[in-house]
Amino acid sequence: MARVRLSVAERREELLSAAVEQIEARGVAAVRIADVASVLGVSNALVLYHFDTKEKLVAAAFTHAAEGDLAHLRRLLGRRTTALRRLRAAVRWYAPTGQAKGWRLWIEGWAAALREPALREVTRDLDRQWKGAIAEVIAEGVAAGEFPCPDPGGTALRLTALLDGLAVQLTSYPGAISRTRAQEWVDEALARELGLERKALTASNR
């Protein structure tokens, strides 16, 4: 059966989606250009035409995987409600107990980034965007008098570091921490960082 002819943008989208699936299934180190080509029934040459090297394909695949989640994060933080409500919704969604990015993929990416400079730059930039978005809404809450927080940037870093660390535990060591307990720790950390009582987080949703 003949394949439908795709535009350049559509073909790249197809290749990147396939690359993400293969990275999740095989890991960054093991995945090959041939794996991505095979799952789509195309030639290795076609994949290389669009991305030149495996390293560039992997870096682009991680950017592709993050774009949807970053867009969703910005929608959550851009809602017309209090900064506290927006922040809690974003943190709960981003947490490993929520529905954000595929944590297995990102753990793979962090490990591979230690050895691959191109991927390290990509993951670093994406990490900056996550932290920057969280820090911005914290600063808005401070300016509106919703909560005290002398260092929004530091708070964003500490919160995301906790979430990332919990993701590693929940993904790599099933059963080490319950999802309920992890969410409790996230709420406790958020309240502490904002100088609030934990019950204020629940009240913010009413």
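A helix here is a DSSP run of H or I at least four residues long, and a strand is a run of E of at least two. With that in hand, let's start. This is a predicted model.

First, the overall picture. The protein has ten helices and zero strands. Read along the sequence, the pattern is α-α-α-α-α-α-α-α-α-α. The C-alpha atoms fill a box of roughly 60 × 35 × 35 Å along the principal axes. The chain has 206 residues, and 45% of them count as buried. Now take the contacts between residues at least 6 apart in sequence. Of those, 62% join residues at least 24 apart. The accessible surface comes to about 10900 Å². Carbon and sulfur atoms account for 53% of that surface.

Next, the core. The largest nonpolar core holds 64 residues. Which residues have the most contacts inside it? They are I23, L57, F62, L73 and L87. Helix 4 gives the most to this core, with eleven residues. Look at L73 in particular. Leaving out residues up to four places away in sequence, L73 touches A90, W93, W130, A133 and I134.

That takes us to helix packing. Two packed helices are described by the angle between their axes and the distance between the axes. Helix 4 covers residues 54-77. Its partner here is helix 7, residues 117-143. The two pack at about 5°, with axes 10 Å apart. Angles under 35 degrees count as roughly parallel, so helix 4 is roughly parallel to helix 7. From helix 4, the contact uses V58, A59, F62, T63, A66, D69, L70, L73, R74 and L77. From helix 7 come A118, L119, V122, L126, Q129, W130, A133, I134 and V137. By class, that contact has 15 nonpolar, two polar and two charged residues. Note that F62 and L73 are in this contact, and both are also on the list of residues with the most contacts inside the core.

Now a second pair, helix 6 and helix 8. Helix 6 runs over residues 103-113, and helix 8 over 152-172. Their axes come within 10 Å and cross at roughly 110°. The range for roughly perpendicular is 65 to 115 degrees, so helix 6 is roughly perpendicular to helix 8. Helix 6 brings W103, R104, I107 and W110 to the contact. Helix 8 brings L163, D164, A167, V168, T171 and S172. The classes here are six nonpolar, two polar and two charged.

Stay with helix 6 for a moment. Its buried residues are W103, L105, W106, G109, A112 and A113. What covers them? The cover includes helix 1, helix 4, helix 5, helix 7 and helix 8. A111 is in helix 6 as well. Is A111 buried or partly exposed? A111 counts as partly exposed, because its relative accessibility is 35%. A111 and A156 are 45 residues apart in sequence. In space, C-alpha to C-alpha, the two are 22 Å apart.

Last stop, a loop residue. Where is D52 found? D52 is in the loop between helix 3, residues 44-51, and helix 4. Most residues other than glycine have a negative phi. D52 is not a glycine, yet has a positive phi of about 70°. The relative accessibility of D52 is 47%, so D52 counts as partly exposed.

Notes: Residues are numbered from 1 along each chain as its sequence is written. This is a predicted model: local features need pLDDT of at least 70, side-chain atom pairs count only at pLDDT 80 or more; totals for chains, interfaces and linings use all residues. Side-chain values use heavy atoms; hydrogens and water are left out. Buried means under 20% relative accessible area, exposed over 50%, partly exposed in between (1.4 Å probe, protein chains only). Axes are lines fitted to C-alpha atoms, for helices over the stretch in contact, and angles run from 0 to 180 degrees between N-to-C directions. Angles under 35 degrees count as roughly parallel, over 145 as roughly antiparallel, 65 to 115 as roughly perpendicular and the rest as oblique. Contact means heavy atoms within 4.5 Å. Ala, Val, Leu, Ile, Met, Phe, Trp, Tyr, Cys and Pro count as nonpolar, Asp, Glu, Lys and Arg as charged, and the others, Gly among them, as polar. A nonpolar core is a set of buried Ala, Val, Leu, Ile, Met, Phe, Trp, Tyr and Cys residues joined through side-chain atoms within 4.5 Å. Accessible areas come from the Shrake-Rupley method with a 1.4 Å probe; for residues, only the protein chains shown count as cover.
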